[in-house]
Amino acid sequence: MRAAWYERTGPAREVIVVGEMPTPTPGPGEVLVRLAASGVNPSDWKARGGSRPMLAPRIIPHSDGAGTIEAVGDGVDPARMGERVWVWNGQWQRALGTAAQYIALPSAQAVQLPANTSFQAGACFGIPALTAWRAVQIDGGVAGQRVLVAGGAGAVGHYAIQMAKLLGAAQVIATVSSPGKAAHAKAAGADAVIDYRTQDVAAAVKELTGGHGVDRVVEVDLAANGALLPTIIAKDGLCVCYGSGKAEAALPFFPMILSGAAVRFFIVYGLPDAARAEGLATMTRWLEAGALQHAIGAVMPLEDCAEAHDLVARGEVIGNVVLDCASAL
């Protein structure tokens with residue numbers, strides 16, 4: 001099979017190789033998925049850059065992807081053959097991810113993809129969509145709440161805006177960094193958008209919420225935005241944090257203790273089984289109903305895996321970056 005891999009961490013163009021590898025064979029309880037698309041996420045380029053130790057001498061990157069089940073291992077219903085699926089945790093604590101024509105992984109990690117949803121969209125669910133769902137659902141959900149989505153034009157933010165609305169949020173505000181990103185967040189359903197480069201975010205939130213503040217913040221970068229938190233959050237509000245641009249983040253103690261706010265952390269790779277099952281079921285219902293917009297910002301050939309990593313790292317694309325695995329040479 002054709003695949004992209006690296007055997008040491010470092011700059012994408014120096015370490016990523018594209019070539020031929022043996023096609024994997026599904027083991028007991030596994031399925032073999034012929035991949036049509038592979039999603040590229042920030043965690044992929046960070047891991048390739050050395051943010052975590054390599055699990056094996058050779059790594060095929062990417063945890064997200066979508067395609068068709070081509071073979072099944074012992075213990076898996078043969079009826080799954082030919083099923084359209086999307087996969088999650090393809091390269092989490094595993095060496096061989098989705099930047100390839102095939103992946104073998106546990107059957108439970110291949111989720112049926114509704115017929116009305118493209119493979120390219122399916123390659124965006126494992127990390128961006130599930131992260132967004134968890135951020136708006138955890139600790140009681142957002143029904144009736146005022147919600148601020150930081151980075152509302154990002155891959156997670158775009159889904160979080162939509163899901164907050166679907167789950168009954170009273171008001172959804174998004175922060176962005178450009179007029180183009182503002183339009184993208186508004187199209188996803190944001191009630192208001194704040195350009196943090198040109199506007200005073202705290203003042204804008206105060207005005208938009210009538211002085212109440214937001215009940216929940218969906219936070220993409222706690223290191224960058226921690227100081228802002230007590231100026232925008234409502235009394236006893238919640239900040240759900242799924243990312244940080246730096247290894248350490250600081251919070252102003254006295255403003256935070258006076259706010260009574262809580263900060264909840266989670267990592268999508270390690271969702272509890274019950275929560276993941278609920279998320280998968282909810283997302284399937286939404287997909288079948290056509291309730292979600294998908295933002296595919298760029299589709300690139302598998303051969304351009306290194307360029308795709310650099311593109312995601314630079315943050316130049318509005319929407320998800322996806323590799324086309326089906327047409328690999």
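This short talk covers the salt bridges of the structure above and the setting of one serine.

Colleagues, what we have here is a predicted model, in which local features need pLDDT of at least 70 and side-chain atom pairs count only at pLDDT 80 or more, while totals for chains, interfaces and linings use all residues. Residues are numbered from 1 along each chain as its sequence is written, and side-chain values use heavy atoms, with hydrogens and water left out.

I begin with the salt bridges. The term stands for a side-chain nitrogen of Lys or Arg within 4 Å of a carboxyl oxygen of Asp or Glu. How many does a search of the whole structure find? It finds eight, and I shall discuss three of them, with the secondary structure taken from DSSP runs numbered from the N terminus (helices are H or I, at least four residues; strands are E, at least two).

In one of these, R2 pairs with E303, and the closest N and O atoms are 2.9 Å apart. R2 belongs to strand β1 (residues 2–5), whereas E303 sits in the loop between β14 (296–301) and α12 (305–314), so this pair ties together parts that are 301 residues apart in sequence. Are these residues buried or exposed, where buried means under 20% relative accessible area, exposed over 50%, and partly exposed in between (1.4 Å probe, protein chains only)? R2 is buried, at 17% relative accessibility, and E303 is partly exposed, at 28%. R2 and E303 also belong, with E20, to a network of salt bridges.

Next, E7 forms a salt bridge with R58, with 2.7 Å between the closest N and O atoms. E7 is in the loop between β1 and α1 (12–15) and R58 in the loop between α2 (42–49) and β4 (64–72), so parts 51 residues apart in sequence are tied together. E7 is partly exposed at 46% relative accessibility, and R58 is partly exposed at 28%.

The remaining pair for today is R264 and D139, whose side chains meet at 2.8 Å, N to O. Strand β13 (residues 262–265) holds R264, and the loop between α4 (125–137) and β8 (146–149) holds D139, so the pair ties together parts 125 residues apart in sequence. R264 is partly exposed at 31%, as is D139 at 41%.

Finally, I turn to S259. Where does S259 lie? Its place is in helix α10 (residues 253–259), and S259 counts as buried because its relative accessibility is 8%. Leaving aside neighbours within four places in sequence, S259 is in contact (heavy atoms within 4.5 Å) with I233, A234, K235 and D236.
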